[in-house]
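Please look over the following briefing on a single chain and its ligand, which moves from the overall fold to selected local features.

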Amino acid sequence: MSESVTYGGYLKLEQLLAAQQPQTEQHDELLFVILHQTMELWMKQAIHEIGAAQREVRAGDLSPAYKHLARVSRIQAVMTQAWDILATMTPADYLSFRALLGSSSGFQSAQFRVLEYKLGMKDAAFLRYHEDGSGDRAALDAALGEPSLYDDAIEQLAKAGFDIPESAYRRGGVAYQPNDQVEAAWLAVYRDTAKYWGLYQLAEKLIDLDDALLTWRYKHVLTVERIIGMKRGTGGTEGVGYLQRTLARRAFPELWSVRTKL
Ligand code: HEM
């Protein structure tokens, strides 16, 4: 059997390379398609790694989780670098095909929301962009309802003996609210890293992810301003103004606030 395995067959290259179908003759449209598709592929891999890390954190098996989370950070770095390729597309290049995009936008990326939900940034308002009964909607509903990576990490704090109410890490699809007891627990971890080495390592891996996501967001908004200025987005938001507000989002708020307290 194995002799019949081919490179293109195994990788399904015929399907993969047939999936870039620019709608115009404009040279830059292919780049626009490929950038979105490659980012979606990297998001798929990041979701896969976060899922593995969550199972390990839940089981209290932190060391293998570090490896998965470190890989997510590297994927995020590649995704951020990709904006530099997009920045070679000038406003004129983009305007030559922008009209065909209609109201479609990265704003509707289901995987991006799954990623946010899995990290802990749960906002049910985004569900309405995904049709009831669709596969995307099912994936979003699942990610919204399940414990997030941050919930799993907080549960480990509780298991280590910190006084944290169960409601802090069992919230279903409700958005996370910063919690003083969670912050106090992280403070103790950072004050005695030798005693809490495992949790300290986990905290630093988590903040790597938040940092990298914000860096990705920042390069996105900068590239967007460079290409469309202050025009409205195809997805219907005001554009750059909306994206700038997303820079305030934090998946692990106490891991940021604790730094002031140290
Ligand atoms: C010329 C290139 C691009 C422009 C002008 C652009 C513009 C925008 C704008 C204006 C928004 C806000 C929503 C809206 O009103 O549409 C947005 C959101 C978004 N875009 Fe892009 N974008 C570009 C490329 C990309 C690429 C390559 C990706 C990769 C998947 C992407 C992913 C996203 C995501 C995930 C959001 C939602 C962000 C959030 O809500 O936090 N964008 N984009």
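How many helices and how many strands make up the secondary structure of the chain? The chain comes to twelve helices and zero strands, where helices (H or I, at least four residues) and strands (E, at least two) are DSSP runs numbered from the N terminus. This is a predicted model, in which local features need pLDDT of at least 70 and side-chain atom pairs count only at pLDDT 80 or more, while totals for chains, interfaces and linings use all residues. Residues are numbered from 1 along each chain as its sequence is written.

**Overall dimensions and packing**

- The chain has a radius of gyration of 20 Å, which agrees with the value near 18 Å that a compact globule of 262 residues would have; the radius is taken over C-alpha atoms, and the globule rule is 2.2 Å times the number of residues to the power 0.38.
- Along its principal axes, the C-alpha trace spans about 60 × 55 × 35 Å.
- Of the 262 residues in the chain, 25% are buried, a residue being buried if 20 or more other C-beta atoms lie within 10 Å of its own, exposed if 12 or fewer, and partly exposed in between, with C-beta atoms placed from the backbone.
- Among contacts with a separation of 6 or more, 69% join residues 24 or more positions apart, two residues being in contact if their C-beta atoms, placed from the backbone, lie within 7 Å.

**Ligand surroundings**

- The ligand is surrounded by 23 residues, the closest being Ser105, Gly106, Gly233, Gly235 and Thr237; a residue is near a molecule if its C-beta atom, placed from the backbone, lies within 6 Å of it.
- Helices α3 (29–58), α10 (197–228) and α11 (240–245) each supply at least two residues of this shell, and the largest share, four residues, comes from α10.
- By class, the shell has eleven nonpolar, twelve polar and no charged residues, where Ala, Val, Leu, Ile, Met, Phe, Trp, Tyr, Cys and Pro count as nonpolar, Asp, Glu, Lys and Arg as charged, and the others, Gly among them, as polar.

**Helix α7**

- In α7 (residues 135–145), Leu140, Ala143 and Leu144 are buried, and they line one face of the helix because, seen down its axis, they fall within an arc of 100 degrees, taken from the directions from the helix axis to the C-beta atoms.
- On the other side of α7, Gly135, Ala142 and Gly145 are exposed, whereas the cover over the buried residues of α7 includes α6 (110–119).

**Backbone at Lys12**

- Lys12, found in the loop between α1 (7–10) and α2 (13–17), has a positive phi near 55 degrees.
- Lys12 counts as exposed because it has 10 C-beta neighbours inside 10 Å.
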